[in-house]
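Hi there,

Here is the model I promised to pass on to you. My notes follow below it.

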Amino acid sequence: MKIENPSPIQWHFAQRAEQLQSSFIREILKITQRPEVISFAGGLPSPATFPVEQMKAAFDQVLTLQGKVALQYGPTDGYGPLREWIANSLSTGGVKIMPEQVLMTSGSQQALDLLGKVLIDEGSRVLVETPSYLGALQAFSVYRPEFVSVDTDDDGLVPQSVATVAEGARMLYALPNFQNPTGRSLSIARRVELVETCARLGLPLIEDDPYGALSYRGAPAPKMLAMNPAGVIYMGSFSKVLTPGIRLGYVVAPLPLLRRLELAKQAADLHTAQLTQMVVYQVIKDGFLDTHIPTISALYGNQCQVMLDAMAEHFPASVSWTKPEGGMFIWVTLPKHIDSMKLLDEALAQHVAFVPGAPFYANAPESNTLRLSFVTVPPEKIREGIAKLGKLLATKV
Ligand code: PMP
């Protein structure tokens, strides 16, 4: 029976809920989904790379052979064979990662939330790159840290600048490979220096690495995890190498932290779906990624080059941009007087979209920056969109 005339509720939200803001990018994506828009705004992987047939076969096989296990509740830390596969894939020469150090999460985005929950008190200092991944800033913000921006230059995070701001910090959040949003990578020398600096300071170093495998040329760079497993927390994801819709990621951490993360995960959602973990394991266990990842990298590398060539042809000389060697993003720096937020309105009027750079800064946004993604746009549309942007920019410089 439905109650008549209930009193309207005066919602009193928790302070942390008042803090929540919708991601600016998700708002832009709504506009850019119109078919006439050439969108360089998305951060989505290319659906052309999704292994639909392999997933279908694996679902069938898992449900046929182990259906009762796959459909039951599972352990919080994750599906054993998959954790073991991940631990093996991260173990290198001298460093052995144990399966016990791996916690499966619902996308690596959940790992960011769990790290925030376990490591950040209100006002805790959290060191982030300038700029940094918006989704991490959003996840950590809920726990109300004081973000401290670490200096970066054209080669990414500057390790020497960490020590000067590390006093009392709870963690440093770093993206060493093909960073979102800039596409930059840290040189091997800088990785070593950064790991050494954090080890000396006793500062937990988070290595967020969803794009590391997507190198266009040559083998992926060495992981910081392998340089100091006792002080580096590694985050990985199946979103960019398999498919994001399955929401499967993982965090690798020293055991005292991993136990806390596991408790936080238990409180949040008990565990990540057993069925998807088993299906992913079924797909990857015999080496599928060894052939699949190169096809993704080849596609993205080609489209990246098309965009870089078109930018060289159409963008004014006073505009500069990064030249990524992997991943999904190019970062553009405009002359100081151009506000990319305003530029977006004019670009949208011409049916071209990008993401303005300001939201990626934890402090002191640089409004003359923007992020371009090339992965879901076919080459001829990349050329057309960049030519339009170039024309628009030429009217401003
Ligand atoms: N970290 C970075 C740097 C990302 O770019 C993303 C996805 N855009 C994530 C984490 C989250 O990925 P997922 O939850 O799909 O694993």
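By the domain assignment, whose bounds come from an automatic or database source, the chain splits into domain 1 (15-51 + 290-394) and domain 2 (74-287). Please keep in mind that this is a predicted model, where local features need pLDDT of at least 70, side-chain atom pairs count only at pLDDT 80 or more, and totals for chains, interfaces and linings use all residues. Residues are numbered from 1 along each chain as its sequence is written.

The C-alpha centres of the two domains are 24 Å apart. Their contact (C-beta atoms, placed from the backbone, within 7 Å) involves 33 residues from domain 1 and 35 residues from domain 2. On the domain 1 side, helix H1 (15-19), helix H12 (288-314) and strand E12 (329-333) each give at least two residues. Helices (H or I, at least four residues) and strands (E, at least two) are DSSP runs, numbered from the N terminus. That side of domain 1 consists of 19 nonpolar, 10 polar and four charged residues, with Ala, Val, Leu, Ile, Met, Phe, Trp, Tyr, Cys and Pro counted as nonpolar, Asp, Glu, Lys and Arg as charged, and the others, Gly among them, as polar.

Best wishes

How values were computed: Contact = placed C-beta atoms within 7 Å.
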